[in-house]
Every structure is written in C-alpha cells, then in structure tokens.
Number of protein chains: 4
Amino acid sequence: MTAAAPLNLFDYEALAQPLMHPAVWDVIVAGAADEITVAENRRAFDRLTIRPRMLVDVSAIDTATRVLGAPVAAPILIAPSGYHAVLCPEGECATAQAAGRAGIVMTAPSGSHRTIEDIAAAAIGPLWLQLYLFPERERSLAMVRRAEAAGCLAIVLTVDAPRFGRKDRSLRSENDFDWPESGNLAGLPPPTLPWFRGAPVTWADVDWLSGVTRLPILLKGILTAEDAALAAAHGVEGIVVSNHGGRQLDGVTASIDALPEVVAAAGDHCEIYLDGGVRRGTDVLKALALGARAVMIGRPVLWGLAVAGPAGVADVLAILANELAFAMALSGRPTIADIDRTVVR
Amino acid sequence: MTAAAPLNLFDYEALAQPLMHPAVWDVIVAGAADEITVAENRRAFDRLTIRPRMLVDVSAIDTATRVLGAPVAAPILIAPSGYHAVLCPEGECATAQAAGRAGIVMTAPSGSHRTIEDIAAAAIGPLWLQLYLFPERERSLAMVRRAEAAGCLAIVLTVDAPRFGRKDRSLRSENDFDWPESGNLAGLPPPTLPWFRGAPVTWADVDWLSGVTRLPILLKGILTAEDAALAAAHGVEGIVVSNHGGRQLDGVTASIDALPEVVAAAGDHCEIYLDGGVRRGTDVLKALALGARAVMIGRPVLWGLAVAGPAGVADVLAILANELAFAMALSGRPTIADIDRTVVR
Amino acid sequence: MTAAAPLNLFDYEALAQPLMHPAVWDVIVAGAADEITVAENRRAFDRLTIRPRMLVDVSAIDTATRVLGAPVAAPILIAPSGYHAVLCPEGECATAQAAGRAGIVMTAPSGSHRTIEDIAAAAIGPLWLQLYLFPERERSLAMVRRAEAAGCLAIVLTVDAPRFGRKDRSLRSENDFDWPESGNLAGLPPPTLPWFRGAPVTWADVDWLSGVTRLPILLKGILTAEDAALAAAHGVEGIVVSNHGGRQLDGVTASIDALPEVVAAAGDHCEIYLDGGVRRGTDVLKALALGARAVMIGRPVLWGLAVAGPAGVADVLAILANELAFAMALSGRPTIADIDRTVVR
Amino acid sequence: MTAAAPLNLFDYEALAQPLMHPAVWDVIVAGAADEITVAENRRAFDRLTIRPRMLVDVSAIDTATRVLGAPVAAPILIAPSGYHAVLCPEGECATAQAAGRAGIVMTAPSGSHRTIEDIAAAAIGPLWLQLYLFPERERSLAMVRRAEAAGCLAIVLTVDAPRFGRKDRSLRSENDFDWPESGNLAGLPPPTLPWFRGAPVTWADVDWLSGVTRLPILLKGILTAEDAALAAAHGVEGIVVSNHGGRQLDGVTASIDALPEVVAAAGDHCEIYLDGGVRRGTDVLKALALGARAVMIGRPVLWGLAVAGPAGVADVLAILANELAFAMALSGRPTIADIDRTVVR
C-alpha cells in the first residue's frame with residue numbers, strides 16, 4: 001500500500017465521499033432529523049474507557065467466536081443495508097464474498113439488488129437474511145422459503161421500522177439519483193396492498209414467523225429491557241440492539257448505552273448483538289465487554305465498496321478485525337471468552 | 001412543494017429571518033441577558049433520550065387528546081405571543097384560523113393587535129385568552145368579560161412577568177421599528193395608573209380571578225414544586241410550566257427540566273402544560289412522557305406567519321403534529337394514553 | 001444614553017479594552033497559568049440554575065442589607081484591587097466616591113496609589129481597608145492605626161497570597177508599562193526586609209492582628225471548610241470566599257463552588273462573602289442563595305473607571321444593583337431576607 | 001531571559017515544533033488511533049480542582065522527597081522515552097546530566113542511542129533503567145547485568161507493550177526520516193528470534209527478573225486495581241500508573257483517573273508513580289494528592305532537548321519544580337508530606 005492507503009475506517013469514509021454521487025452519499029450518511037442519535041452512537045463509545053490488564057500471555061490472540069453456534073473468525077457481522085449495487089456492480093454478491101473470505105457472517109438485506117439466490121451462490125461463507133415483513137404473509141413466507149432454500153442460517157427480522165425513517169438531510173437530494181430496483185423483491189408474489197419499507201410488525205408476527213421456519217430468528221432494533229424480556233419470552237434466538245444507525249427516530253438512546261439493560265433482561269436466554277457506531281476495534285471490545293456476542297457494521301462496508309469494491313470491503317473487515325486483535329492484546333484478553341465486564345470502566 | 005420547501009421548524013426559522021425587519025427579528029429571537037436559558041431550553045431536550053418500544057401495532061396513530069376536557073387533534077397549543085400583526089396583516093386572526101384548521105387551541109394574547117372579538121369571529125377552533133392582570137381590577141374584569149362573551153374556553157394568566165423582561169440583544173435595536181398599537185387593549189376602560197406589561201400579580205389576584213369567572217384558569221410561568229402545590233391549593237385548572245421562552249429571567253431552569261417537579265407536586269390536581277424550546281415532534285413526546293398534557297409553541301408560529309402567513313402557520317403545525325405521530329409510531333406508543341414515563345431514559 | 005451605551009458589565013469590558021494600554025489590560029484580565037480558574041469562576045455560576053417563585057408581591061424590591069452590622073444599599077462591595085490610578089487620575093478616591101453614592105462599601109487596597117487618608121477624605125460612604133501583612137509588625141501596625149484613624153470600618157486581611165501570583169499572560173508584557181508607585185505604602189515606616197506582595201501570613205498573625213485592633217477582621221481567600229472552621233475558632237468576623245479572581249493558583253475550585261462548604265463550616269459564626277466571577281445580578285442572587293451575605297466585584301469596577309472614570313464605576317454599580325433588583329423581582333424574593341437555598345436548583 | 005523566553009512547558013512545545021523534522025514531531029506527539037487517551041490524560045487533570053489551605057507557614061517550601069528510598073530534589077522523574085539522540089547530539093547523556101543537576105532521577109530507555117555505560121558515565125545523578133524484555137532471557141539478563149554494573153538503581157519494566165502501539169498520525173510519515181540505530185541494543189548478544197518492541201511479558205517473567213537481580217523493580221503501565229494487587233503479591237517495589245502517553249491502546253482510562261484504584265489496591269505495599277499528561281506544577285500536586293510518590297514526564301523533556309539541548313531540559317525541569325514549589329506554597333502544603341487527599345476536591 002502507498003502512504004495514502006487508508007489506515008482505519010475513518011480514512012475509508014473520507015476516501016469514499018468524493019467517489020460517490022452526492023445524493024448517494026447523503027442518503028447513506030444521513031440520520032433521522034437532527035442526527036443527534038447518529039452522533040451519540042459514536043460519543044457514547046468514546047465516553048467508555050478501557051481497563052487494560054497487563055502481563056497476560058498475549059503471544060497468540062484469537063478473535064474466533066460463535067454466532068448462533070456457528071464458528072466465525074471474529075465477532076463482527078455485516079449489517080443488512082441497501083445501496084451495495086449503487087456502489088459496486090456486483091452489489092451484495094461482492095460483499096458476501098468479502099465477508100466469506102474474512103470468515104464472518106454477511107446479513108443480506110431483503111430488498112437487495114441481487115437475488116438472495118445469487119448472493120448465496122456467490123457467497124463463500126455463512127449468510128443470514130434480513131427480513132422486513134410484508135402486509136401479505138404469503139409474500140413474507142415466500143421470502144423465508146427462498147432464504148431457507150438458499151442456505152441462509154438465520155432470519156434477522158427488522159422491528160424498528162414500522163415507518164420509513166425521515167432523514168431531513170437526504171430528503172432534499174434523494175430524488176437527484178436514479179435508484180436501482182430491488183431484484184430480490186421482484187422474485188416475490190406481487191403485492192396486493194400498497195407497501196413500502198415500514199409496515200407495522202407485532203409480536204404476533206414474530207410468533208407466526210417462528211411457526212413457519214426452523215431458522216433461528218433475531219430481532220433487530222430492540223433498545224429496551226422490556227422488549228428484550230418479551231423477545232426472550234417469545235423464544236427468539238437473538239436480539240440486535242440497534243437504532244438503525246440513527247436513521248429511524250432521532251433522539252433515541254445510543255445503542256451501546258442501551259446494550260446493558262438488554263443484556264440484563266435477556267442475556268441468559270438469547271444472544272445479544274450490537275449495531276450502531278462501531279468504527280474501531282476498541283468499539284468491538286467495549287461492546288463485547290458490555291455483553292454483546294458480536295457487533296454489526298453497516299456504513300463502513302459501503303465505504304469499502306465505494307473505494308475498492310470487494311477488495312475494499314475485505315480491507316475494511318481486515319482493519320477492524322486486526323484492530324480488535326490488537327485491542328485484545330493490549331488489554332490483556334487473548335480470547336473472546338476473556339472479555340468480560342471488567343474491561344470497561 | 002419545491003425542493004427548497006421547509007422540512008422542519010428550523011427550516012422555517014432560517015427562511016423567516018431574511019424576510020423580517022432586523023429589529024423585529026431581534027425582538028422575537030431575543031432572550032433575557034446572556035440567553036443562557038434560551039439555549040438551555042433546547043439543550044435540556046437533547047439531553048433526554050427516548051426508549052422506543054417495538055412490535056406494537058402502530059398501523060394507526062392517534063394524536064388526539066383533550067385539553068381541559070375539550071377534544072383536540074394533537075397535544076399542541078399556540079402559545080400566547082405578540083408580533084402576529086407585524087408579520088402578517090391579518091395578525092392573530094390568521095393564526096387562529098390556522099390553529100382551528102389544525103384542530104388545536106389558539107391562545108390569544110391580551111395585548112393582541114386585533115381585538116379578541118375579531119379573533120373569535122375569525123377562529124374556527126377553540127380559543128383561550130392569555131391575560132396580564134392590570135393594576136385596575138375593572139380593566140382586568142372587562143377583559144375577562146369580553147373573553148367570556150367571545151367564547152374563550154379558558155384564561156391563561158401569565159404569572160412570570162411582574163417586570164418586563166430585559167433582552168440585551170433587542171434593547172439595542174427595538175426602537176428602530178414602529179411597533180403597532182394593541183387594538184385589543186384599546187377596547188378597555190382607560191388606565192388610571194401608569195402601566196406596562198409586568199404589573200405584580202399575587203395569589204390574592206388568582207383568587208379574585210377565580211371568583212369573577214367560571215372559565216377555567218391556567219397559570220403560565222410556574223417552574224417550582226412549591227408554586228405548583230400552591231396552584232393546586234388555590235384550585236386552578238392548569239399550570240403552564242414555562243420560563244417565557246427564556247425572555248424573563250436569564251439563568252432559570254430549562255422548562256423541561258422543571259416539568260417533573262411540577263408534575264409530582266400538582267399533577268394529580270390539575271393539568272400540566274409545557275412551554276419552551278419545543279421544535280421537534282420528539283420534544284412533544286418527551287414532554288408528554290414527563291407528565292405534560294400538551295405543549296405550547298411560540299416562536300415557530302411566528303416563523304410560519306413570516307414565511308407564508310396563515311398557510312405557513314398551518315404548515316408549521318402540520319409538520320410538528322406529523323413529527324409527533326411519526327415519533328409515536330417509531331416509539332411504539334400509538335395513542336397519547338400510551339405515552340408514559342418509560343418513554344424517556 | 002445612546003444606542004451604544006453599555007447595557008451590562010460585559011459591554012463595559014468590551015468598551016474598556018481599546019481604551020487601555022495593552023500591558024495594563026493584560027495585567028488586569030490575566031489569571032494564573034492557563035486561566036482555568038478564571039474561566040471556571042464564570043462557568044460555575046452558569047451551571048447553577050434559578051428556581052423562581054411566582055405570585056409574590058414584588059411591587060417593591062429592597063436590595064438593602066447589612067454588612068458587619070452596617071446598612072448598605074445592596075449586597076455588593078468593591079473588591080480590593082490595584083490599578084485604579086492607572087485608569088483614572090483620581091484613582092481610588094474616584095472609586096470610593098462612586099461606591100459611596102451607590103450606598104455600598106469600598107474596600108481600599110493597602111497598596112493604593114492615593115493614601116488611605118486621601119481616600120477616606122474623598123469617600124462619602126463606608127470604607128474597609130484591605131491589608132497584606134508585612135514581615136515587620138510595626139509596619140503592619142502603622143497601617144492598621146492609619147486605617148482606624150481614617151475611619152475604616154473593617155480590615156480585610158488577604159490570606160491567599162503568600163507568594164505573588166504568576167500570570168503567564170501578563171509576564172510577557174507587564175514591563176512595557178511604567179507602573180505608578182504606591183503612595184499609601186510610602187507613608188509607612190521604611191521596610192527592614194526585602195518585601196513584596198506575598199509575604200507568608202499564619203494564624204498567629206491573625207491572632208496578633210485581632211489583639212491590636214478593635215476593627216472587625218475578615219479573611220479574604222478562604223476556600224475550604226477546614227480553614228473556615230479555623231477562622232471561626234480564631235474569632236474573625238468575616239470570611240471572603242475567593243480565589244483572587246483566579247490570579248493566584250490556577251486550578252483551584254471556583255469560588256461559588258467552594259462557597260457551600262465554607263458556609264456550612266462557619267456560617268453560624270461569621271459573615272461569609274463571595275468574590276470571583278460576579279458579572280450579573282443573577283450571580284449575586286445565586287451567591288446569596290448559597291449563603292453569602294454579599295459579593296465583591298473587582299475587574300468590572302476597573303472597566304467602569306477606564307470607560308468613564310467615577311461615572312463609569314457608578315454606572316457599573318447601578319447596572320449590577322438594578323440587575324439584582326430585577327432578578328429578585330422575577331424570582332419572587334422582594335427582600336434580601338427572602339433569598340434562601342431554594343433559589344438555586 | 002528575553003521577553004520571548006518560554007514561561008511554561010506549553011511554550012517549550014510551541015518552540016520545539018518548528019525546530020523539528022515534521023516526521024520526528026509527528027512520531028513524538030502521536031498517540032494511538034484517534035488520540036482520545038492523549039487528550040483525556042490532560043482533561044482528566046483539568047477536571048480535578050485544588051482545595052488550597054491558607055495561613056500555613058510557607059516561608060520555606062521543600063519539594064524534596066525519596067523515591068525507592070533515595071533522596072531526590074523533587075517528586076519528578078524523567079520518563080523513559082526514545083528520540084533523545086534525534087533532538088540533541090549527546091542524546092540520553094545530555095538528558096541524564098540535566099536530570100542530575102536538577103537532583104532528580106533519569107530513567108534511561110533500554111533502546112537508547114547511547115549505551116547505558118555512556119549514559120552512566122555522563123550522569124551526575126541517580127539512573128534507572130527502563131527494560132523491554134526480549135524473547136531470549138540471556139539478552140534480557142545481559143541488559144540487567146549491564147545496568148547493575150553501570151550503577152543503575154532500579155529497573156523499570158515496561159509491561160504495557162506486548163505489541164508496538166499503532167499511531168495513525170505518524171504511520172503516514174514516520175518513514176520520511178532516517179532514524180538512528182540504538183547503540184545500547186548493539187551491545188547485547190545477537191537476537192535469535194525476530195523481535196521488536198512489544199514482545200509479550202507475563203507475571204512469570206516478572207518473577208524471573210526478581211530472581212536474577214537485587215535491583216528494585218517497578219512495573220510501568222499498570223492501570224487497574226487487579227494488576228496492582230498482583231504486582232504487590234509478586235513483590236515488586238513500585239508501580240508506574242501509565243498508559244504510555246496514550247501511545248498504546250486508544251480509549252484506555254486517563255492515567256490520573258486510574259491512579260486512585262491502583263493506590264487503594266497496592267499503595268500499602270509498594271510505591272506508586274504517575275506518568276501521563278503532566279505539564280504543570282499543579283498536575284504534580286494533584287497526582288501526589290491522589291497517592292503518587294512522584295510523577296514522570298516524557299514529551300516535555302524532548303521539547304527542552306529540541307529547543308536548547310541539555311540547558312533546555314534543565315529549564316523544563318526547573319520550571320516544573322518551581323511550579324510545584326509555587327503550588328505547594330499557594331495551597332498551604334510546604335512539604336511533600338503535607339500533600340494528602342484533601343488537596344483535591
């Protein structure tokens with residue numbers, strides 16, 4: 001790499017911006033309303049400080065862990081997000097390949113440009129499918145069946161989007177770009193009701209979904225102990241603590257700040273994941289210290305795609321995993337199992 | 001609307017400034033002294049974070065509530081303020097029409113440019129009258145009788161202005177503009193004492209006022225538990241927690257910070273309203289979470305008037321009500337009754 | 001007054017700067033080292049918020065109080081400071097006249113340009129003398145006897161200057177100006193030891209001073225409960241909580257933050273005064289709420305002198321007293337006796 | 001000195017920058033990753049405020065203390081750091097001479113440009129040797145034996161560098177400079193394994209080191225109570241609370257914030273030192289108040305070297321010691337023994 005090679009995920013963000021159409025940039029970076037939660041997602045990490053242990057044998061660092069029982073190389077997952085195809089012709093297929101090479105899970109969005117079948121065919125690692133439920137259950141069921149058939153290992157049900165988030169920043173410019181259609185949704189039965197991302201979903205839908213598939217289900221978007229307890233009671237396998245990258249309701253609690261109450265309420269019953277604001281290996285370390293099994297990253301994957309396609313995603317993942325290994329070494333926690341609550345002050 | 005159409009209340013503020021005479025702008029935006037309380041009114045909202053609930057059926061959102069028993073479309077009221085006539089020829093009549101169309105209450109200021117009779121005639125929704133008590137009770141009584149005759153549903157007695165607030169910002173420029181006379185005060189018996197906004201009012205005056213009218217009385221400007229308890233003991237129907245938009249005494253507590261102690265002291269006995277710094281639907285949600293029955297908005301109404309007259313006010317009200325509905329949907333509280341203390345972290 | 005007339009003490013500061021020699025400006029505004037305590041003295045006031053009471057009869061506001069038993073028009077005193085003569089030919093005499101006209105106490109510095117006899121002759125109100133003890137007790141005693149003879153009502157013993165404070169800002173430029181000699185010190189017996197402001201003083205010196213004069217003694221520069229308790233045990237009549245305007249040791253606690261522990265430790269035994277950072281009437285209100293009998297103001301008096309001589313000082317004092325009266329009215333505390341701990345949140 | 005003479009350590013930093021090669025500057029000022037810990041090391045000091053005592057006899061101030069039983073003129077030590085030879089031809093020899101003249105301890109880095117024998121020959125005061133353990137114990141032992149032979153009084157074992165810290169700032173430019181070789185390491189047996197600063201060290205290594213030398217051992221880089229308790233159990237003589245100047249793992253706790261828990265856990269068993277962010281005499285005072293026996297300073301020594309060679313180091317040390325004496329006088333603690341927990345609020 002040259003001297004100008006990106007050293008960290010912030011470098012990727014800076015490199016990506018001039019390479020992107022302004023409307024695409026705005027849509028991706030945008031948060032809801034005044035973007036207070038976007039900023040808080042980062043600030044909340046920075047308020048936490050690390051208590052490193054010394055004189056531990058850290059000659060070998062192992063970031064490997066298991067997510068829903070499956071071995072992965074690092075406690076990092078690709079968050080479901082759109083826009084892959086806007087930034088790279090191969091779209092989600094490129095991202096899936098990079099994730100697989102990194103030994104981590106790719107979460108494919110249900111509204112992907114490429115079909116889940118294509119993504120699964122391209123993938124060389126584990127795949128989860130993110131799902132927005134449709135008003136018509138047959139459409140949702142069709143998507144579940146396709147995910148099962150494609151070999152997806154889990155369904156990530158997004159529960160924080162009963163309405164499509166309003167991002168004031170991008171509302172001013174989003175129509176300046178000709179967004180591609182979702183190829184994946186085209187493979188479903190035609191809708192019978194007007195629909196857009198953001199249809200209400202309730203616990204009854206969760207129960208229905210549990211009843212129609214043997215795939216483990218994770219609920220993405222939980223931010224409270226109350227909902228975490230309900231999730232456990234409804235028997236889901238996982239919770240993703242997330243505020244949708246600050247893109248749904250501005251002013252909600254930073255996801256890392258919400259993590260402890262979710263862990264306390266449901267950590268004994270299902271796996272807890274953390275999504276939102278992760279940019280450094282030390283952020284991953286902090287999230288795991290507070291009880292997360294792994295983290296999801298969203299926007300940085302898109303910066304990687306924009307800068308260098310699948311190689312950019314691979315580099316973004318490598319940087320983050322290496323930073324985590326480095327943070328584990330310098331905090332005296334050589335394995336994921338060594339990371340406990342005492343890591344964070 | 002064009003791409004440049006205002007998306008939120010801050011946009012209205014930005015659009016309004018160049019349309020206004022600088023002295024008018026200064027007088028309206030000004031706060032007392034160093035404007036610390038003006039800033040705190042906003043910062044205090046931003047310090048509160050929202051705990052959204054998921055998987056609730058939010059297919060239908062209902063912002064309707066009751067204020068003093070009367071049904072309204074949203075828990076938002078027009079705060080009493082001057083300057084309507086400076087910004088729009090129809091003055092308070094225009095605002096009253098916009099409020100009525102939005103299904104909410106307009107609080108007419110006692111020093112309005114147009115008479116309360118004119119405003120009532122123009123209004124198509126419920127009207128409250130704000131009152132500054134005069135040194136001469138017959139003048140105050142005359143105003144009350146006129147309000148009763150005009151069909152006003154409540155008297156909002158301003159209690160935080162025993163002196164006229166000193167706004168250093170506007171003291172430098174307020175004489176650069178030829179302010180219109182109050183047409184409403186012209187309809188009263190002539191004053192026998194020199195008077196200006198800011199005559200002292202005491203609890204004896206509250207009792208007197210209660211004795212001469214059957215209209216419910218709200219005290220606007222209460223910021224402490226002690227005064228809230230006294231208000232309840234004196235039998236008023238409502239309290240508006242307010243620091244007059246930071247325009248009276250600089251350094252007083254932000255109104256949203258003062259709300260909890262007022263609710264604790266008097267919330268079982270009368271309705272509590274919140275005024276000061278409300279700019280987003282999430283602010284309304286937070287205020288209701290902390291025990292307010294509804295909020296009042298002041299300056300944003302004036303921005304709306306300045307930008308587009310009554311249509312501007314209507315749009316400001318629509319934006320805020322829509323943002324509230326959106327916030328209710330995304331926080332899993334489909335009705336006003338669902339908004340409780342657990343909404344705020 | 002014209003539109004450009006100063007409205008508040010910050011205006012006086014802004015007007016004064018261009019009228020002053022840069023070295024004089026630097027010396028006066030300078031704080032020790034990084035000026036953290038200078039800034040904290042202000043920030044600590046701004047962190048305190050006021051809980052105003054409403055519906056109290058505030059038709060008449062009375063700022064009058066007593067300091068060491070003597071009636072004064074307002075709980076404001078002129079802090080001892082140098083540089084009067086640099087800014088105004090009449091020096092401390094001018095300040096004393098302005099203080100007297102305002103009905104408040106002037107504290108003359110022992111190192112004044114004009115003699116204490118001249119100041120007393122010019123004064124039309126009560127005078128206190130600030131004292132730095134000399135290594136030679138006969139010199140100190142001579143000063144005390146002169147203060148007694150001149151009619152001073154109290155001795156303010158500065159106890160926080162066993163060394164002369166290092167102000168990095170002004171060390172770079174203070175030699176650019178030809179500072180006048182102290183006329184007052186010239187009237188003392190010649191020193192036998194090399195001396196400068198900053199000779200160590202101990203509790204034994206306090207006892208000696210108490211033994212040689214019947215004048216009440218205040219200790220200026222106390223910031224801890226421990227020293228406050230000792231002050232009470234040694235029988236002094238007053239304590240001035242002060243960090244010397246942030247000019248002695250950088251990083252010490254803001255004076256308003258130190259006030260409560262001093263009041264708790266000694267408030268039942270002697271009068272507690274607050275010095276440092278007072279710029280607004282609300283600052284005076286806050287200090288009194290936390291237990292101060294009155295406040296001292298230093299630099300703003302010098303701004304007044306620089307801008308308009310004695311008339312400037314008079315205006316500075318009038319602005320501050322009027323702001324206090326205004327703050328008392330708007331917080332529902334019409335007399336000084338009404339100001340208690342509940343004023344501050 | 002002229003008017004432009006540096007008054008404080010920040011002045012030295014400002015003067016040093018233009019005198020240095022940009023790559024050298026970057027390497028020295030750099031912290032890990034986002035440099036959050038670098039900034040926190042300073043902010044954490046500024047958050048602590050001092051409670052000064054008055055009326056204590058401070059006519060004589062004595063900063064003398066003992067470190068590991070040896071008398072020193074002030075509780076200040078030269079932290080081990082590289083780059084001396086880049087900034088001054090005499091390298092560590094120059095620094096050692098300045099330290100000796102100041103009556104304080106120099107900690108020589110094991111990777112020094114000049115050999116420890118040369119440094120010891122040049123030194124006129126006590127010398128400690130900092131040690132990174134090598135993978136081959138014979139190399140480490142050779143260094144220890146040389147330190148013993150050279151008369152070093154203690155071994156400072158760096159324990160927070162099992163990896164070499166990644167400093168994003170300097171990674172972009174560090175290859176622009178031709179860094180000199182370490183002359184000291186050249187005197188060791190040749191390495192048998194590839195090695196760089198950052199080999200893992202464990203408690204077993206500490207025990208081994210204790211077993212092969214009678215020199216007292218200090219562990220540098222401890223930040224937690226857990227490790228402090230282990231250090232005491234393993235019988236080391238001292239702990240240096242340090243985050244390596246924010247250069248190892250970004251986001252770890254500021255060293256002054258970590259100090260209290262280390263003192264509580266091990267202060268009765270060994271001496272605790274504080275390293276990181278010390279720039280002012282008041283910082284030294286605060287560290288001692290929280291239980292440190294002395295502080296180490298790193299980067300400011302390099303600024304002194306860059307500006308004026310050994311005379312610059314001497315001046316940096318004199319400024320800091322004088323500031324400490326001044327702070328002791330103005331806080332009423334004339335001796336080191338008088339500095340206790342009550343100094344800090």
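Visitor: How much accessible surface does chain A have, and what share belongs to carbon and sulfur atoms?
Guide: This is a predicted model, in which local features need pLDDT of at least 70 and side-chain atom pairs pLDDT 80 or more, while totals for chains use all residues. Side-chain values use heavy atoms, with hydrogens and water left out. Areas come from the Shrake-Rupley method with a 1.4 Å probe. The surface of chain A is about 11,700 Å², and the carbon and sulfur share is 55%.

Visitor: What percentage of the residues of chain A count as buried?
Guide: Buried means under 20% relative accessible area, with a 1.4 Å probe and protein chains only. Of the 345 residues in chain A, the buried part is 62%.

Visitor: What radius of gyration does chain A have?
Guide: The radius is taken over C-alpha atoms, and the globule rule is 2.2 Å times the number of residues to the power 0.38. For 345 residues a compact globule would come out near 20 Å, and chain A agrees with this at 19 Å.

Visitor: How many aromatic pairs does the whole structure hold?
Guide: Rings of Phe, Tyr and Trp (its six-membered ring) pair if their centres lie within 6.5 Å; planes under 30 degrees apart are stacked, over 60 edge-to-face, the rest tilted. Over all chains, the search gives 16.

Visitor: How many residues apart in sequence are the parts tied together by C:Trp128 and C:Tyr273?
Guide: The two rings pair edge-to-face, 5.9 Å centre to centre with 85 degrees between the planes. C:Trp128 lies in strand β5 and C:Tyr273 in strand β9 of chain C (strands are DSSP E runs of at least two residues). The pair therefore ties together parts whose separation in residues is 145.

Notes:
Residues are numbered from 1 along each chain as its sequence is written. Chains are lettered from A and ligands numbered from 1 in the order in which they are written. Buried means under 20% relative accessible area, exposed over 50%, partly exposed in between (1.4 Å probe, protein chains only). Helices (H or I, at least four residues) and strands (E, at least two) are DSSP runs, numbered from the N terminus.
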